[in-house]
Every structure is written in structure tokens, then in C-alpha cells.
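Colleague: Please give me a close look at one part of this model, the open space. Then take me through the rest from there.

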Amino acid sequence: MPELPEVEITARLLDGALRGATIESTLAPGINALKTFDPPLSALTGQTIAGVRRRGKNLIVETASAPGPDASKSASGELALLIHLMSAGRLQLFDKPAGPRDRTSRLLVRMSLPGVEDSMPGAEESAELRLREFGSKQAAWVKLLRAGELDGDEALAKLGPEAWPDPGGGTPLRTVLDAPRPLHPLLRDQRVISGIGRSWVDEILWHARLSPFKRGSDLDAGECERLREAMIDTLGGAIAHYEQTIRLPIPDKLPMPLRIHRHEGEPCPRCGTSLQAVHFDDYVIAYCPTCQTDGRVLKDRRMSRLLK
Ligand SMILES: [Zn+2]
């Protein structure tokens with residue numbers, strides 16, 4: 001489940017490797033992955049990679065017309081690939097093209113890298129940026145936009161402020177989270193604050209010693225400050241961990257340094273109490289009753305529904 005730290009390390013590694021690379025060809029084998037048709041994917045051919053960055057859980061690959069005498073002939077200008085990995089997508093970089101039977105391929109961008117031959121004699125100088133998706137669902141998506149259309153695209157325009165490195169981005173967290181909704185879904189709502197998903201929300205709430213069911217509008221100033229610190233430490237700590245452990249091509253499975261999420265039944269790393277879980281249809285909340293809910297063990301929602 002790529003969330004802010006996983007998408008951030010992906011953007012950093014790809015940005016370092018691909019700046020200045022020239023796109024040679026593109027292919028979208030995933031029938032549903034490409035959500036736009038104008039400009040066509042072929043407009044990327046001949047463009048150079050200007051940078052790779054993250055916004056919320058989205059990846060943005062920006063390109064520019066290659067400099068030189070033909071630049072005036074290119075009608076494409078600056079373009080941007082906006083990519084959402086959803087729950088099972090990965091954006092990876094390989095030196096060899098994907099095989100035609102690789103059913104995980106959703107988008108392939110073949111490019112030549114500048115300067116590789118000079119620094120590494122005999123090294124492969126081309127590379128393939130590959131959007132892959134694991135599992136049976138096709139949910140990951142790509143849009144090819146003109147650079148000027150990027151900020152107005154609904155996927156970015158509706159995003160709330162970033163959860164890291166400055167949670168709320170200048171707006172006090174108390175204002176950002178001032179809604180009568182439980183913190184667990186509130187923090188995962190990308191329109192409220194962007195970057196946090198089902199895994200890291202458990203770690204952040206545990207770090208802040210806050211109940212997943214406390215309402216955003218009930219937070220006092222001290223609790224907001226704890227939550228702010230928890231977001232910075234938890235998400236920043238994960239990114240620092242990935243900086244040490246993750247390398248290109250970027251592994252299929254990222255070793256997420258989680259201590260609470262999916263650790264129900266194990267002792268709380270802070271107080272030793274057995275971590276508890278509340279199960280929903282498509283996600284699980286893990287928490288420490290001693291640190292977060294004044295000792296209360298919360299009802300299992302699956303069971304509550306059965307008893308209705
Ligand atoms: Zn605890």
C-alpha cells in the first residue's frame with residue numbers, strides 16, 4: 001500500500017536517475033490504466049525528463065521538449081504524467097524492457113539515459129520506467145496532461161495540504177482537522193490532509209497517543225501539537241529508513257517499518273499492553289488500549305454488524 005513515505009522515496013530515486021533522460025517510446029498495455037487521450041501518449045516521444053516529484057500519494061513525472069534545433073518543431077511543449085499507484089501499483093525502473101507476457105505492466109516508458117556510458121563503461125544506457133500492478137484488480141491509473149493542466153486536474157485540485165514535512169502546510173492542524181469525524185477516517189481523507197493511508201494512520205495515532213475514534217473537532221491545542229509531531233516523526237522516520245534501505249529498481253514489496261499496524265496481539269512497543277484491532281470490511285485499525293483509549297477495548301465492527 002504505497003502511502004506518502006513510499007511514494008516519496010519512489011519519486012526521489014526516480015528523480016535522481018531520470019533527470020535529463022530522453023523518452024524513446026511509450027506503451028500502455030494496461031487497458032484501463034491510461035485515463036486521458038489528448039495529448040496522445042506518443043507525444044512523449046522525444047521529450048526529456050525534467051523531474052519526478054510527489055504530491056500527496058500521487059507521482060508526477062514532468063517532461064520538456066528536448067533542447068536543440070528540432071525544439072521548434074515539437075508541438076508538445078511541457079507535459080506531465082500524473083500517476084496514482086492505488087493499493088497495488090509500483091513505479092519501477094529497469095534496464096531491460098518488460099516481456100510481452102508481463103501481466104503486471106500498465107505503462108512502459110522506454111528512454112535513453114545521458115552520461116551513463118561515460119561513467120560506467122559498457123553499462124546499459126537505456127532504461128524502462130514501468131508502472132506495474134500486482135493482484136487481480138486494475139486500479140492504478142495514469143493521466144498524460146499538458147503542464148498547465150496539472151494543478152487544475154481533479155486528482156490534485158481536491159487534495160488537502162501535505163501531511164509531511166509541514167503538516168497542514170501553514171494552516172494550523174486544529175483548523176485542518178476541525179470536523180466532527182473520527183480521526184482514523186479523517187486523517188485518511190485526502191481532501192482533508194494528503195499522504196496518509198491505512199498503514200501509517202495507525203502508527204501516527206499511536207505515536208500521538210490518540211484514540212482512532214476521537215473526533216477531529218474535539219482535539220485540544222496540546223493534542224493537535226502531539227499529532228503534528230507524530231506526523232513529522234513517523235512519516236519523516238519512514239522516509240529516512242527507506243533512504244537507507246531502498247534502491248532502484250524499487251522492490252515489488254516495500255519493507256514498511258510498521259510497529260502497530262498489523263501487529264495486533266503483540267506487545268505495545270511503549271507500554272507492553274497487547275495491541276488490539278478493530279476490523280472493518282476493507283481495513284483494520286490497530287491501537288494500544290493503554291496508550292490510546294484509556295484502557296478501553298473497542299468493539300469489533302464486524303461483530304456489531306452481525307448482531308444488528
Ligand atoms: Zn501502549
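Modeller: Start with the term. A pocket is an open set of grid points, on a 1 Å grid over the protein atoms alone, with protein on both sides within 12 Å along at least five of seven lines. Its volume is the space filled by probe spheres set on those points. Keep in mind that this is a predicted model.

The largest pocket holds about 580 Å³ of space. It is lined by 20 residues, and Lys57, His84, Met86, Ser87 and Gln190 are the closest to its centre. Two elements, β8 (141–146) and α3 (154–157), each give two or more residues to this lining. Sorted by class, the lining has eight charged, seven nonpolar and five polar residues.

Is Lys57 buried or exposed? Its relative accessible area is 17%. The cut-off for buried is under 20%, so Lys57 counts as buried. For a sense of distance, take Ala21: Lys57 is 36 residues from Ala21 in sequence, and their C-alpha atoms are 24 Å apart in space.

Now the second largest pocket. About 370 Å³ of space lies there. Its lining has 15 residues, with Met1, Arg90, Lys253, Met256 and Arg262 nearest the centre. The classes here are eight nonpolar, five charged and two polar.

Charged pairs come next. Side chains of opposite charge can pair when their charged atoms come close. The search of the whole structure returns 19 salt bridges. One of them joins Asp102 and Arg132, at 3.6 Å from N to O. This pair spans 30 residues and links distant parts of the chain: Asp102 sits in the loop between β5 (89–94) and β6 (105–112), Arg132 in strand β7 (residues 126–133). Both partners are buried.

Arg130 and Glu128 make another salt bridge, at 2.8 Å, N to O. Arg130 has 6% relative accessibility, under the 20% cut-off, and therefore counts as buried. Glu128, with a relative accessible area of 4%, is buried too.

The closest N and O atoms of the two are 3.1 Å apart. Arg191 has a relative accessible area of 58%; the cut-off for exposed is over 50%, so Arg191 is exposed. Asp189, at 10% relative accessibility, counts as buried. Elsewhere, salt bridges with shared partners tie Glu8, Arg12, Arg54, Arg55, Glu162 and Glu243 into one network.

Last, the metal. Which atoms coordinate the zinc ion? They are the SG atoms of Cys268, Cys271, Cys288 and Cys291, at 2.2 to 2.3 Å. Along the chain, these donors follow the spacing C-x2-C-x16-C-x2-C. The angles among the four donor atoms run from 100 to 115°. Cys288 is buried, with a relative accessible area of 0%. Cys291 is buried as well, with 12%.

Methods: Residues are numbered from 1 along each chain as its sequence is written. This is a predicted model: local features need pLDDT of at least 70, side-chain atom pairs count only at pLDDT 80 or more; totals for chains, interfaces and linings use all residues. Side-chain values use heavy atoms; hydrogens and water are left out. Donors are N, O and S atoms within 2.8 Å of the metal (3.2 Å for Na, K and Ca); water is not among the atoms, so sites may look incomplete. Four donors count as tetrahedral if all angles lie between 85 and 135 degrees; four count as square planar and six as octahedral if opposite donors are over 155 degrees apart and all others between 65 and 115; anything else is irregular. Buried means under 20% relative accessible area, exposed over 50%, partly exposed in between (1.4 Å probe, protein chains only). On a 1 Å grid over the protein atoms alone, a cavity is a set of points where a 1.4 Å probe fits but cannot get out, and a pocket is an open set with protein on both sides within 12 Å along at least five of seven lines; lining residues have an atom within 4 Å of a point. Helices (H or I, at least four residues) and strands (E, at least two) are DSSP runs, numbered from the N terminus. Ala, Val, Leu, Ile, Met, Phe, Trp, Tyr, Cys and Pro count as nonpolar, Asp, Glu, Lys and Arg as charged, and the others, Gly among them, as polar. A salt bridge is a side-chain nitrogen of Lys or Arg within 4 Å of a carboxyl oxygen of Asp or Glu.
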